[in-house]
Amino acid sequence: MKHIYDIAKKLGLSEKDIEPYGIDKAKIHTNNINNSNKGKLILVTAITPTKAGEGKTTCSIALADGLSAINKKVCLALREPSLGPVFGIKGGATGGGKVCVIPQEDINLHFTGDMHALTSANNLISAIIDNHIFQGNELDIDPERVVFKRCMDMNDRALRNITIGQGKGNGVVRDDGFNITVATELMAILCLCNDEQDFKERLNSITVAYNKLGEPIRVKDLRISNAVMKLMKNALMPNLVQTLYSTPAIIHGGPFANIAHGCNSIIATKTALSLADYVVTEAGFGSDLGAEKFLDIKCRVADLNPSLIVLVATIRALKSHGGAINLEEENLDALEKGFDNLKIHAENMISFNKKIVIAINHFSSDTEKEINLLKTWCDKNGYPYAFTDGFIEGQKGCIELANKVIETIESSKETELTNVYDLKDTIKDKIEKVAKKIYRADKVEYSELALAQIEEYEKAGYGDFYVCIAKTPLSLSDNQKLINAPIGHTIHVKRINLATGAKFLIPITGSILTMPGLPKVPAAVKMEN
């Protein structure tokens, strides 16, 4: 591990430009950085996730290490891990094998305290709301229409729906609940703001409740934005770390892609683009969630135009989509069936008017026949591809992917991003364009509540907001049991959450939840071994 000052120098940053947190991580002062966006942006996404593993973050790190190995000035721009997955099912989010960002445990746990700052800021707002109601309710807040929830960065199903204020002197009794921190609107605006002032303006715009006349109550009405900004001061600064091969990595922000927009912060991405020639970033889960939101929301908010999209696939995951049970055994039939899932993701990314490269992420159980079958399918369909073996081989296993990415970028003209929907479309049109074009649904069904909310939001002037659909990551549909390539299914919209600070609407589909639960045997229990 190199000293963080040495990593900063690789990006042209002086010691005055960073605020060290020990010798291995630092905050970057962005005030003196010219957001020129000189670098080329490369988005890494993946097929529909399975328990077999895809390795999207691992491939992102591998690509950055590979570009560094062929003497390109490169910077990673990744999301911060959440403690929910770390102690739940998925585990950490710092890569694996010989392609990791370090110090792994620090990054996966407390890191530089950003998650704690967000959690504290969120819960300060909640505490002020309930105190305001208890202390006379000058704003005439309707206790039954408080829409801003408390949060914690942990999976805890017991906190989804609770009753607060019980007992004498403990406030007004009302129903409440917790979100996981990474699903909060504060996390969304951290990742969508361009600077501190933009964050504060978005913060003040957050709708926290409604009064008894049905009028919105916003954070600015509570007069606490300066207090929140004090908590968020350092959290707004992006974090600098390194890979095992000393490639600079900026890690900042961490919204989930199934219940939020799934991208790291605009501040971090623009900082990286101003400091490096190539920036490798990722979007959460499969391309139907993270990449769609990255391209339709983040790129429009930040005026970004990716040069290339890398689509990660593993033979194990494709066999799983094809119905294979034992993924260690060679199964060409299941693999070929699983190509249907890869095909949809590839077509979807190309529909944004972007070039793609398929990254074949190698597992030791892959057989030569399976590898050759996937390569032949890519050739037949005209998809550029590269074999990547960073997990096992380290940096030398990343060079093929790096070379293919550079070759594809340099041989192609820069193209303008084409979006799935226009912001002037109706709310229904936006939802249905994503559902039909990206999820391959036949139709969308709305609950009575969702229909009433659409009417209310359009009357209130929110019709030009982005849509950030909350959906299971385990299927292109809203039913996690429909794997591979379901066609002609129905998307079910139960309700639509409003995020006036983030300026997007969040249609909640299927059985998606904004506070996950722990599995029967959480990762936390496995840490005893």
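This is a predicted model: local features need pLDDT of at least 70, side-chain atom pairs count only at pLDDT 80 or more; totals for chains, interfaces and linings use all residues.
**Entry 1: α2 and α16**

I looked up how helix α2 (residues 56–69) sits against helix α16 (residues 399–410). Their axes come within 8 Å and cross at roughly 80°. Angles of 65 to 115 degrees count as roughly perpendicular, so I noted α2 and α16 as roughly perpendicular to each other. On the α2 side I listed C59, L63, G66, L67 and A69, which meet I399, L401, A402, V405 and I406 of α16.

**Entry 2: α13 and α14**

Next I took helix α13 (residues 332–350) with helix α14 (residues 368–381). I recorded a packing angle of about 35° and axes 11 Å apart. The crossing of α13 past α14 is right-handed. From α13, the residues L332, L335, F339, L342 and K343 meet K369, E370, L373, L374 and W377 in α14. I sorted this contact into seven nonpolar, no polar and three charged residues.

**Entry 3: the second largest pocket**

I then turned to the second largest pocket, which holds about 1200 Å³ of space. Its lining has 44 residues, and those nearest the centre are V147, F148, K149, R495 and N497. Which element gives the largest share of this lining? I found that β22 does, with six residues. The elements that give two or more residues include β7 (141–146), α6 (185–192), α18 (448–459) and β23 (504–509). For the classes of the lining I wrote down 24 nonpolar, nine polar and eleven charged residues.

How values were computed
Residues are numbered from 1 along each chain as its sequence is written. Side-chain values use heavy atoms; hydrogens and water are left out. Axes are lines fitted to C-alpha atoms, for helices over the stretch in contact, and angles run from 0 to 180 degrees between N-to-C directions. Helices (H or I, at least four residues) and strands (E, at least two) are DSSP runs, numbered from the N terminus. Angles under 35 degrees count as roughly parallel, over 145 as roughly antiparallel, 65 to 115 as roughly perpendicular and the rest as oblique. Contact means heavy atoms within 4.5 Å. A crossing is left-handed if the near helix is turned anticlockwise from the far one by less than a right angle, and right-handed if clockwise. Ala, Val, Leu, Ile, Met, Phe, Trp, Tyr, Cys and Pro count as nonpolar, Asp, Glu, Lys and Arg as charged, and the others, Gly among them, as polar. On a 1 Å grid over the protein atoms alone, a cavity is a set of points where a 1.4 Å probe fits but cannot get out, and a pocket is an open set with protein on both sides within 12 Å along at least five of seven lines; lining residues have an atom within 4 Å of a point. Grid points are joined across faces, edges and corners, and a volume is the space filled by probe spheres set on the points.
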